[in-house]
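Keep the viewer open while you read.

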Amino acid sequence: MKVGLFFGSFNPIHVGHLIIANRMAESQEVDQVWFVVSPQNPFKKKKSLAHEFDRLDMVRLAISDNPLFNVSDIEFRMPRPSFTVDTLTYLSEKYPSYDFKLIVGEDNLEHFPKWKNYETVLDEYGLLVYPRPNSNASDLVKHPNVKFIEAPLVDISATYIRKSIAEGLSLRYMVHEEVINYIESKKLYM
Ligand SMILES: Nc1ncnc2c1ncn2[C@@H]1O[C@H](COP(=O)(O)OP(=O)(O)OP(=O)(O)O)[C@@H](O)[C@H]1O
Ligand SMILES: O=C(O)c1ccc[n+]([C@@H]2O[C@H](COP(=O)([O-])O)[C@@H](O)[C@H]2O)c1
């Protein structure tokens with residue numbers, strides 16, 4: 001089985017993530033998409049990061065009606081910060097018959113050569129890249145294991161969602177309704 005691993009902080013999960021995952025799942029590249037919630041991105045500050053269990057619960061709520069989507073909390077039980085290559089190694093050993101690929105937004109390409117053992121990630125797994133507005137050019141676009149997926153640009157980020165909450169704006173249509181209810185009931189990002 002071909003599995004697209006969608007790593008992210010998902011702080012919180014938004015419609016951009018869901019559109020990307022859906023495009024990937026209906027492409028010939030993968031049979032399923034697994035959302036891997038990262039407790040701590042090595043490059044990001046912890047400021048305004050919701051608790052990992054809340055981020056995991058929100059992903060669960062947002063994807064529950066899609067049989068091609070799955071969620072993983074594997075990085076909760078691994079050393080911090082969350083280095084993707086280590087998780088890939090663990091998952092490949094646990095599921096030897098699965099073919100894993102990484103799903104990333106185009107913005108991640110620019111800094112990808114700074115990731116731990118990025119060449120291993122590229123050579124052994126490969127990247128499926130979803131176009132993202134305002135991404136900077138990267139030489140990696142020419143790499144044979146980097147494949148761009150034809151898809152619409154979605155100009156929504158978790159940063160924008162958090163900013164909207166702080167400004168008292170509605171999240172309607174940008175975030176799954178059950179996730180909106182979760183954020184409100186737990187008073188996240190306020
Ligand atoms: N609108 C989008 N278009 C393309 N890729 C996206 C989009 N939103 C998120 N991604 C990708 O999804 C993955 C997880 O992203 P993440 O959870 O950090 O969301 P984010 O919206 O970028 O968050 P933040 O604004 O807090 O940095 C990354 O690979 C990121 O590039
Ligand atoms: O492995 C690395 O060196 C590495 C460096 C930066 C980011 N990552 C991972 O990339 C994923 C995307 O991060 P984020 O916070 O933009 O959603 C997340 O799972 C991070 O742990 C991984």
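Pro-81 sits in the loop that runs between strand E3 (69-72) and H3. This is a predicted model, and in it a cis peptide bond links Arg-80 to Pro-81, with omega about -10 degrees. There's another cis bond between Asn-11 and Pro-12, where omega is about 0 degrees. Pro-12 belongs to the loop between E1 and helix H1 (15-25).

| Cis peptide bond | Omega |
|---|---|
| Asn-11 and Pro-12 | about 0 degrees |
| Arg-80 and Pro-81 | about -10 degrees |

The loop between E1 and H1 also holds Phe-10, a non-glycine residue whose phi is positive, about 50 degrees. Is Phe-10 buried or exposed? Phe-10 counts as buried because it has 24 C-beta neighbours inside 10 Å, and the cut-off for that is 20 or more. Tyr-173 isn't a glycine either, yet has a positive phi of about 75 degrees. You'll find Tyr-173 in the loop between helix H6 (158-166) and helix H7 (177-186). Tyr-173 is exposed, with 10 other C-beta atoms within 10 Å.

Now for ligand 2. The 14 residues around it include Phe-7, Gly-8, Ser-38, Asn-41 and Trp-115, which come nearest. Strand E1 (2-8) and helix H3 (84-94) each contribute at least two residues to this shell. By type, the shell around ligand 2 splits into six nonpolar, six polar and two charged residues.

As for annotation, an unreviewed UniProt entry lists residues 5-163 as "domain: Cytidyltransferase-like". That span is 33% helix and 18% strand, and its end C-alpha atoms are 27 Å apart.

Note on methods: Residues are numbered from 1 along each chain as its sequence is written. Chains are lettered from A and ligands numbered from 1 in the order in which they are written. This is a predicted model: local features need pLDDT of at least 70, side-chain atom pairs count only at pLDDT 80 or more; totals for chains, interfaces and linings use all residues. A residue is near a molecule or strand if its C-beta atom, placed from the backbone, lies within 6 Å of it. Helices (H or I, at least four residues) and strands (E, at least two) are DSSP runs, numbered from the N terminus. Ala, Val, Leu, Ile, Met, Phe, Trp, Tyr, Cys and Pro count as nonpolar, Asp, Glu, Lys and Arg as charged, and the others, Gly among them, as polar. UniProt positions are given in the numbering used here, feature names are shortened, and annotations may be inferred rather than shown by experiment. A residue is buried if 20 or more other C-beta atoms lie within 10 Å of its own, exposed if 12 or fewer, and partly exposed in between; C-beta atoms are placed from the backbone.
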